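This report covers the aromatic pairs of a structure and the residues around its ligands. The sequence and model come next.

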Amino acid sequence: MSNKPIFTSETKCSFCVGSKCCTYMTQKIETPRTKYDFEHLLWQLAHENVQCYQDTDGWYLMFRSRCIHLKKSGGCKIYKTRPQICRDYDNDYCEYDESPEKNFKKFFDGYDSLHKYCKKRFKKWKR
Ligand code: SF4
Ligand code: SF4
């Protein structure tokens, strides 16, 4: 007989290889509008593992960076004392079910994609 748990909302996270939601963090930013704003955003995306997206709530920076408390095998090392935001996170419909990028209005996976967008958006973008 298999010891594998039955898939329920309580056991779902144990099926999620690498605990996807613990491998990045996001920060809301002001909606970029001007050339100056996009110059600044470009500088931010010039850094490794920094991405940017727009969804229905606005614009966000995304840092692809594993949480230091994430076990190599997945799961949280500080589960009992994990931050409130982790406690509040609902696994009802999460990254396990669908990649969030699919629902972004805009997604810039790095400097090059944002640079291309800037050149298209601002006719006088010279660099
Ligand atoms: S909440 Fe979703 S993405 Fe996060 S560990 Fe659980 S199943 Fe994976
Ligand atoms: S503290 Fe634990 S639950 Fe929260 S992001 Fe880190 S590993 Fe995940």
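Rings of Phe, Tyr and Trp (its six-membered ring) count as a pair if their centres lie within 6.5 Å; planes under 30 degrees apart are stacked, those over 60 edge-to-face, and the rest tilted. The model is predicted, and local features need pLDDT of at least 70, side-chain atom pairs pLDDT 80 or more, while totals for chains, interfaces and linings use all residues. Residues are numbered from 1 along each chain, ligands are numbered from 1 in the order in which they are written, and side-chain values use heavy atoms, without hydrogens and water.

The structure holds 11 aromatic pairs. In one of them, Phe38 and Trp59 have ring centres 6.1 Å apart and planes at 80°, so the pair is edge-to-face. Phe38 belongs to helix α2 (residues 35-45) and Trp59 to strand β3 (residues 58-63), so the pair ties together parts 21 residues apart in sequence. Helices (H or I, at least four residues) and strands (E, at least two) are DSSP runs, numbered from the N terminus.

Around ligand 1, with a heavy atom within 4 Å of it, are residues including Cys13, Cys16, Cys21 and Cys94. This shell has 6 nonpolar, 2 polar and 1 charged residues. The residues around ligand 2 include Cys22, Cys67, His69, Cys76 and Cys86; its shell divides into 7 nonpolar, 1 polar and no charged. Ala, Val, Leu, Ile, Met, Phe, Trp, Tyr, Cys and Pro count as nonpolar, Asp, Glu, Lys and Arg as charged, and the others, Gly among them, as polar.
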